[in-house]
Amino acid sequence: MTARRFWRIYSGYLFLVPYAVLFCAFLALPLGYGLVLSFFRWEMLSPAPPQFVGVDNYAEAFQSDYFRNALWATFRFTLMAAPLTVGMALLIALGVNAVSDKRRAFYRAAYFAPAVVSISVAGLVWRFFFQGEFGMFNAWLEPWGWRVPWLTDTRLAMKSIVFMTLWWTVGGPMVVLLAGLHQIPRQLYEAAAIDGANAWRRFRHITIPQLRPVLLFVAIMNIIGSFQVFGQVFMITRGGPEQSTRVLVQYIYETAFTHYRMGYGAAMSWLLFLCIAFFSVLQFRLMRER
Amino acid sequence: MITDYSTTRLRGVALCIVCTALLCVGCDSGGRATVRFWCGFTGPDGRTMLRMIQAFNEENPDARALMQRMDWGTYYNKLFVAGLGGRAPEVFITHVENMERFFQAGFLDAIDDLVDGAAGVDTDDFFPYVWGAVERDGLHYGLPLDVHPQGLFYNKRLFREAGIVDEAGDALPPTDRESFMDALTTLTRDTTGDGRTDQWGFVFTWLRTNMATVTRQFGSTYFTPDFDRCVLTDDATVAAFSFCADLIQRGLVPSPEHFDAWIGFRQGRVAMAFEGIYMLADLEKQSDLEWGAAPLPVLGDRPAAWASSHVMCLRAGLDPETRAAAWRLMRFLSDNMLDWAEGGQVPARHSQIDSARFQNMYAQAAFARQMDYIAYMPPVPFIFEFFSEFDRAAERVLRASASAVDALREAEQKVNVAIERQRRLTEAGGGP
């Protein structure tokens with residue numbers, strides 16, 4: 001093999017090396033380490049060395065009502081946030097796509113802007129918006145004699161967080177969907193219009209099928225992101241009231257870094273990982289068919 | 001041309017490296033012992049502490065203290081992880097109730113030889129309760145910096161308007177349950193006549209510390225004397241929780257659900273609140289509020305006031321020279337406690353509390369009158385588990401989503417599970 005040929009074949013790998021190193025050091029290895037850890041009882045507070053306990057940590061998770069509550073809170077968040085975000089992003093993308101080229105850049109930037117704000121800042125500001133006594137939302141509602149317990153009612157707190165999340169994250173999927181809409185050949189719409197298809201039918205039979213791969217991508221990314229929700233909750237409610245918004249990642253964080261129960265924390269992390277994997281595969285299947 | 005450019009660039013980079021190296025060498029020159037000092041004083045107290053550290057560095061040319069501040073919310077995580085990795089700072093602050101876990105993990109060094117040494121301190125000067133709290137097996141593992149007790153903040157104007165005054169016409173804060181209930185029923189009212197209460201006699205602020213004070217006043221101990229089991233379903237704790245829930249039920253106190261308590265006090269819509277002395281900074285900034293400070297009224301059958309202390313701890317395993325410098329810093333901070341007290345703290349030493357300068361600090365001196373019956377949270381290694389459960393029970397009971405007995409029983413069970421786990425682990429691994 002000549003040197004030139006060698007390089008042509010293997011130079012690609014050379015470009016992969018930097019990321020491969022990072023991937024191994026910060027993802028693959030910790031992932032494997034976490035899996036091993038999840039079968040050990042290791043409590044940092046105790047001088048006792050880590051001790052192999054089999055599936056005890058997993059068993060504890062399934063028996064714990066705190067784990068169940070946290071899992072349920074995560075599901076509730078995902079069930080509300082993911083469809084709403086994708087749906088809203090699609091609506092906005094359609095709207096922005098319909099305006100003239102010159103204005104489009106402005107709207108795209110405007111809707112994307114919140115995503116640029118860091119979660120700590122966004123969380124802090126929205127906590128003030130939601131604040132019961134002097135918050136902005138309740139100040140607006142005051143003339144009608146309403147005072148909404150945005151964050152203090154166990155039934156409402158999670159919805160408030162979903163609302164905030166929608167504002168914060170809708171821009172990302174919107175930009176991706178907008179790019180997807182651009183890819184759809186104009187001729188398809190023209191042909192359909194000539195055949196007499198109305199706007200709804202053009203949307204239903206051209207836009208949606210053509211957009212399917214992009215929608216799939218956006219939906220999966222959103223579901224994965226929703227399962228991992230933490231920042232908003234931690235900044236706005238700290239899991240309250242009465243732990244109604246304590247999501248799984250927060251519970252894992254508290255278990256590992258407040259109670260220093262590393263093995264149990266690792267086991268719950270793997271359960272969360274399996275959840276995310278399951279739903280991602282399921283969704284992939286559902287949207288790939290037909 | 002291209003070569004010229006890159007040579008120049010290379011030279012620049014080399015120069016930078018040399019400069020950085022020189023700077024680093026400069027840091028360590030002079031043989032000064034470096035004492036890293038970690039704390040969570042990120043508020044106005046941090047500025048005071050920084051001034052004290054600067055003063056220490058000026059007075060001690062052979063030592064250099066470096067303060068690092070981080071938010072209390074994540075402080076302990078970072079400290080603990082640093083300790084595990086052997087990178088803990090030489091001196092660090094812990095709250096007295098969190099000391100136990102650092103002690104159990106073996107991070108702390110006993111300071112008794114330093115206390116008794118040539119540059120020691122008179123331990124009789126410390127309040128026995130405070131000095132006793134840092135003792136483990138006859139040795140002391142930290143030097144208490146301060147005490148921050150809870151006390152009664154009250155709105156003088158609202159008291160005067162309601163006619164709750166002494167002979168001189170000054171607002172008269174309640175001292176026992178009877179006068180507290182009288183004040184409460186008079187002060188909680190609907191001032192606008194729209195059928196909604198808009199002025200409250202009392203609010204629960206931070207549920208954990210508020211409930212800690214009330215339960216202690218009713219006689220709760222939370223644990224069996226040897227900390228073997230958690231006891232929250234005893235008569236005292238149930239009675240204390242029920243008493244508080246009843247105040248809300250009767251409409252005398254707002255439910256924590258619908259009211260931002262401390263803000264309400266600052267807005268002048270609340271007459272009384274139990275808060276820590278550290279809230280002083282908030283109030284001093286406010287000129288339009290006529291507030292007063294007094295010892296807490298006794299709602300149960302004995303006086304008690306929730307309190308905590310910042311304790312300066314020394315990392316185990318320091319070389320003698322660094323250890324001596326670290327001790328000098330700890331002593332310096334303890335000796336200059338009155339500067340620190342200005343910001344809203346009570347000193348841990350009799351001589352400092354008795355000083356004229358301290359007695360002139362209005363709120364601090366008022367809260368310091370409770371020093372004989374301050375109550376720390378229990379020194380248990382599973383304190384964070386206890387806090388989670390205690391907080392949750394308080395929230396559920398005061399929001400009326402569970403009865404006192406039910407909520408406390410559940411909390412008790414959960415804490416006991418944590419204790420049991422700890423015990424099994426200790427037995428299995430031959431722990432401390």
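Predicted model: local features only at pLDDT ≥ 70, side-chain atom pairs only at ≥ 80, totals over all residues.
1. Chain B has been split by the domain assignment into two parts, and both are made of two stretches of sequence: domain 1 covers 31-145 + 309-335, while domain 2 covers 149-307 + 377-429. Going by their C-alpha centres, domain 1 of chain B and domain 2 of chain B sit 31 Å apart. Where they touch, domain 1 of chain B puts in eight residues and domain 2 of chain B puts in 12 residues.

2. How much area do domain 1 of chain B and domain 2 of chain B bury between them? It comes to about 780 Å², with 59% of it on carbon and sulfur atoms. On the domain 1 side, have a look at B:Glu97, B:Glu100 and B:Arg101: this trio supplies 62% of the area that domain 1 of chain B buries against domain 2 of chain B, more than any other three residues.

3. Now for the partner chain. Contact between the chains involves 34 residues of chain B and 27 residues of chain A. Together the two chains bury about 2,900 Å², and 50% of that is on carbon and sulfur atoms. B:Asn77, B:Arg421 and B:Leu425 supply 20% of what chain B buries against chain A, more than any other three residues.

4. Which residue of chain A does B:Lys414 form a salt bridge with? The partner is A:Asp65, with the closest N and O atoms 3.2 Å apart. The count between chain B and chain A is three salt bridges, and there are 11 residue pairs in polar contact (both at pLDDT 80 or more).

5. If you want to find the chain A-facing side of chain B by eye, go to helices α3 (72-84), α4, α18 (383-398) and α19 (404-429), each of which supplies at least two residues. The side of chain B that touches chain A has 11 nonpolar, nine polar and 14 charged residues.

Technical notes: Residues numbered from 1 in each chain as written. Chains lettered and ligands numbered in written order. Heavy atoms only, no water. Domains from an automatic or database assignment. Contact = heavy atoms within 4.5 Å. Buried area = accessible area lost by both parts, 1.4 Å probe. Salt bridge = Lys/Arg side-chain N within 4 Å of Asp/Glu carboxyl O. Polar contact = N/O pair within 3.5 Å; in protein donor to acceptor, adjacent residues only side chain to side chain. Helix = DSSP H or I, 4+ residues; strand = E, 2+ residues; numbered from the N terminus. Nonpolar A, V, L, I, M, F, W, Y, C, P; charged D, E, K, R; others polar.
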